[in-house]
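Reader: Could you take me through this model and its ligand, one question at a time?

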Amino acid sequence: MPIQNENIAIIFEEVADLLEIEEANPFRVRAYRNAARTLRYLSRDAYKLVAAGFDLTTLPGIGKDLSGKIQQIIKTGKLDVLDRLHKDIPASVEELLRLPGLGPKRVHILFHEMGIKDITALESAARKEELRTMPGFGIKTEQRILDAINSKKSSEKRFLRSFAMAHAEPLLKYLKQGKNIKHVVIAGSYRRGRESVGDLDILITISGSSSSSVMQRVVDYEETDKVISIGSTRATVILGCGLQVDIRILAEQNFGAGLHYFTGSKTHNIQLRKLAQRQGLKINEYGVFLGNKRIAGKTEESIFRSVGMPYIPPQLREGSGENEAARNNQLPDLIDLSDIRGDLHSHTIATDGQASLKDMALAAKKQGLQYLAITDHSKHLTIAHGLGTDALLKQIDEIDKLNEELESIKLLKGIEVDILEDGKLDLPDALLAKLDLVVGAIHSHFNLSREKQTKRIIRAMSNDYFSILAHPFGRLLFEREAYDIDLEKILDKANELGCFLELNSQPKRLDLADNYCRLAKNKGVLISINSDAHSQDDLKNMMFGIEQAKRGWLEKGDVLNTRPLKQLEKLLRKK
Ligand code: DGT
Ligand code: CA
Ligand code: CA
């Protein structure tokens, strides 16, 4: 994709910042900043102007030198002067610029006069009260820097979606009970269904004008631990669990525009704003404007409609093609929890689960499922008391018997079999042949090379009885990195062999990740969204998997376990 004006502007601003740290000629610094501004306000793409032979020096603030630099960026994506500056100034020094209160002048002093190269050094200097005596600093600035470092630290902390949900939903309920409160919605990454959130962004509309009583309600909430800031329409608090909550009160007529703006993502918003600009429209958090006339903003639908688009579900709003798809009427018809017919990965007390076969079956029936596959661990996974041949044969019998008495739910006989280091499966083929499906998983040797790990999985999938590759990357959010595999190769092989990949719905796993779901979809490999339940309650994990699947653009047809039992059995037998 050709470079956008915004990106050229960002490069110029970075050059200006770095030059200022180097105490370059102020006129030179200003020239870059002016050029950045010109590019931002330019209504046409610079790369198109250049391609058409347009003379950039006719633009305000662009001389011969800068025109040449713009052309270099368009041509190569790089800029010599920036490369040189990067050699002299470490990235960790540049990062200091992003702390509120620190501009290039102060960073110059920190870097060149105090030898401070990163945030850690800065924090320690501030704690030792060494900053306050430097020119342009003082006690107040020193304190502000410490505050900024603290808030940066806490803002970098992210929380699992499931954790955020456990604290967000009660707060939402509490707020809704307040009188005068009309709408309460959680926007931001939470609404976009992300697997983790940095903070919660809550939007409220009220009847009447008593915003202060609403803010008081937030402060009075029993889980509110600390009030960071509070105003008439905005408040930021920290809950006892550590989650930060940003609360904004919006005017009813702007609700759609505000909801859209604060749902983000930022990238989506910027793209949509640009698209609107080309139609002569301006979008901001208060609405869509044609000149001074507001033409949309009460609902989100009205925002999209005003730029000629259907409604884009929040889970797609990442600036990864959804705006184009919407314009061409090619948005996916996203899968919904109600499309799920069964669950193909679950455990019982026979291994590390907490419920019996029957209890799991009844719980699945209660969830409205038609089938539930029991896939306990195999013997290699000793910490989970994995099943050997005899124990599995016994379970097979039990399931057959139980199925005779169960109504409107069928248990499928399965196993979560370990994929051994060499790619062989942990149980003999003759035994696997007796099952309805085989879910294969890696639980050891995470550190093999990409090539070896990929080969290992492909060898496992090539087994005649292998059905589904469980949690393909083995990642645990905030705990364990994914192992290294060539997913494209694995998907191609899965296609060839008639295997499926899992989207494991455990909130810590959510593996496959959204972008990989999308890749699987594009390759035509069906995904099985599984709860990996270890208890009756865990069956509800499915909802987390569904959010991730939506973020991966999956439709009903892309998902294996949306099939009714008969069709599923056919697909499993195909192999
Ligand atoms: P998080 O909290 O890190 O998980 O991610 P978000 O997406 O919830 O980000 P957050 O809380 O900083 O802001 C919420 C939304 O507000 C974000 O998705 C888009 C919007 N927003 C915030 N700052 C800006 C901005 O500077 N420009 C634009 N266009 N939108 C912004
Ligand atoms: Ca947020
Ligand atoms: Ca926020």
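Reader: What percentage of the 575 residues of the chain count as buried?
Author: This is a predicted model, in which local features need pLDDT of at least 70 and side-chain atom pairs pLDDT 80 or more, while totals for chains, interfaces and linings use all residues. Side-chain values use heavy atoms, with hydrogens and water left out, residues are numbered from 1 along each chain as its sequence is written, and chains are lettered from A and ligands numbered from 1 in the order in which they are written. Buried means under 20% relative accessible area, with a 1.4 Å probe and protein chains only. Of the 575 residues of the chain, the share that counts as buried is 53%.

Reader: Which helices each supply at least two residues of the shell around ligand 1?
Author: The chain has 24 helices and 17 strands, where helices (H or I, at least four residues) and strands (E, at least two) are DSSP runs numbered from the N terminus. Those that each supply at least two residues of the shell are helix 11 (188–191), helix 13 (255–263) and helix 14 (266–278).

Reader: What part of the area that ligand 1 exposes when taken alone does the protein bury?
Author: Among the polar pairs, an oxygen atom of ligand 1 lies 2.9 Å from a polar side-chain atom of R192, and an oxygen atom of ligand 1 is 2.8 Å from a polar backbone atom of G198. An oxygen atom of ligand 1 is also 2.9 Å from an N or O atom in the side chain of D199. Taken alone, ligand 1 exposes 590 Å² (Shrake-Rupley method, 1.4 Å probe), and the part of that buried by the protein is 71%.

Key: Buried < 20%, exposed > 50% of the residue type's maximum accessible area, 1.4 Å probe, protein only. Polar contact = N/O pair within 3.5 Å; in protein donor to acceptor, adjacent residues only side chain to side chain.
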